[in-house]
Amino acid sequence: MKVKVDPNKCIGCGYCVGACEQVFDFNDDNISQVILSPVPKDLEEEVTEIIENCPTNAIEEEK
Ligand code: SF4
């Protein structure tokens, strides 16, 4: 799976970065960005849960 963060929706809460730092990190504006995409198979379940739990639905799976 490939994922991206919509910087206009992210509020920088830190949930995704704290939950999976291999895939998400803050940029200079303290907004989350994806640092590893495609997501490795063994992290897909975790990232799917993070997508569902982002408070502003800022993380999208890219088709
Ligand atoms: S969980 Fe959502 S709102 Fe929070 S930092 Fe990650 S992308 Fe941004």
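Student: Which residues have the most contacts inside the largest nonpolar core?

Tutor: They are Val3, Cys20, Val23, Phe24, Val39, Val47 and Ile59, in a core of 18 residues. Keep in mind that this is a predicted model.

Student: Which elements give two or more residues to this core?

Tutor: Three do: β1 (2-5), α1 (15-19) and α2 (44-53). The most comes from α2, with three residues.

Student: Take Ile59. Why is Ile59 called buried?

Tutor: Buried means under 20% relative accessible area. Ile59 has 5% relative accessibility, so Ile59 counts as buried.

Student: Where is Ile59 found, and what is Ile59 in contact with?

Tutor: Ile59 is part of strand β4, residues 59-62. Contact means heavy atoms within 4.5 Å. Leaving aside neighbours within four places in sequence, Ile59 has contacts with Val3, Lys4, Val5, Cys16, Phe24, Ile50, Ile51 and Cys54.

Student: How far apart are Ile59 and Val3?

Tutor: In sequence, 56 residues separate Ile59 and Val3. In space, their C-alpha atoms are 6.9 Å apart.

Student: Val23 is also on the core list. Which residues is Val23 in contact with?

Tutor: Beyond four places in sequence, Val23 is in contact with Val3, Gln33, Val34, Ile35, Leu36, Val39, Leu43 and Val47.

Student: Now Glu44. What makes Glu44 count as buried?

Tutor: Set the value against the cut-off again. Glu44 has 19% relative accessibility, and the limit is under 20%, so Glu44 counts as buried. Glu44 sits in helix α2. Neighbours within four places aside, Glu44 is in contact with Met1 and Val39.

Student: Is Pro40 buried, partly exposed or exposed, and how do you know?

Tutor: Partly exposed lies between the two cut-offs, under 20% for buried and over 50% for exposed. Pro40 has 28% relative accessibility, so Pro40 counts as partly exposed.

Student: Where does Pro40 lie?

Tutor: Pro40 is in the loop between β3 and α2. Along the chain, Pro40 and Val23 are 17 residues apart. Their C-alpha atoms are separated by 9.1 Å.

Student: Why is Ser32 called buried?

Tutor: Ser32 has a relative accessible area of 4%, and buried means under 20%, so the label applies. Ser32 belongs to strand β3, residues 32-34. With neighbours within four places left out, the contacts of Ser32 are Val5, Cys10, Cys16, Val17, Phe24, Asp25 and Phe26.

Student: What makes Ala58 buried?

Tutor: Ala58 has 1% relative accessibility, against a limit of under 20%, so Ala58 counts as buried. Ala58 is in the loop between α2 and β4.

Student: What is Ala58 in contact with, and how far is Ala58 from Pro7?

Tutor: Leaving aside neighbours within four places in sequence, Ala58 is in contact with Lys4, Val5, Asp6, Lys9 and Cys10. Ala58 and Pro7 are 51 residues apart along the chain, with 7.4 Å between their C-alpha atoms.

Student: On to the ligand. How many residues surround the ligand, and which are the closest?

Tutor: There are 13 residues around the ligand. The closest are Cys10, Cys13, Gly14, Cys16 and Cys54.

Student: How do the residues of this shell divide into nonpolar, polar and charged?

Tutor: Nine are nonpolar, four are polar and none is charged. Cys counts as nonpolar, and Gly counts as polar.

Student: What is the space taken by the ligand?

Tutor: That space is the largest cavity.

Key:
Residues numbered from 1 in each chain as written. Predicted model: local features only at pLDDT ≥ 70, side-chain atom pairs only at ≥ 80, totals over all residues. Heavy atoms only, no water. Near = heavy atom within 4 Å. 1 Å grid on protein atoms, 1.4 Å probe; cavity = no way out; pocket = protein on both sides within 12 Å on 5 of 7 lines; lining within 4 Å. Sits in = over half its atoms within 2 Å of the grid points. Helix = DSSP H or I, 4+ residues; strand = E, 2+ residues; numbered from the N terminus. Buried < 20%, exposed > 50% of the residue type's maximum accessible area, 1.4 Å probe, protein only. Core = buried A, V, L, I, M, F, W, Y, C linked by side-chain atoms within 4.5 Å.
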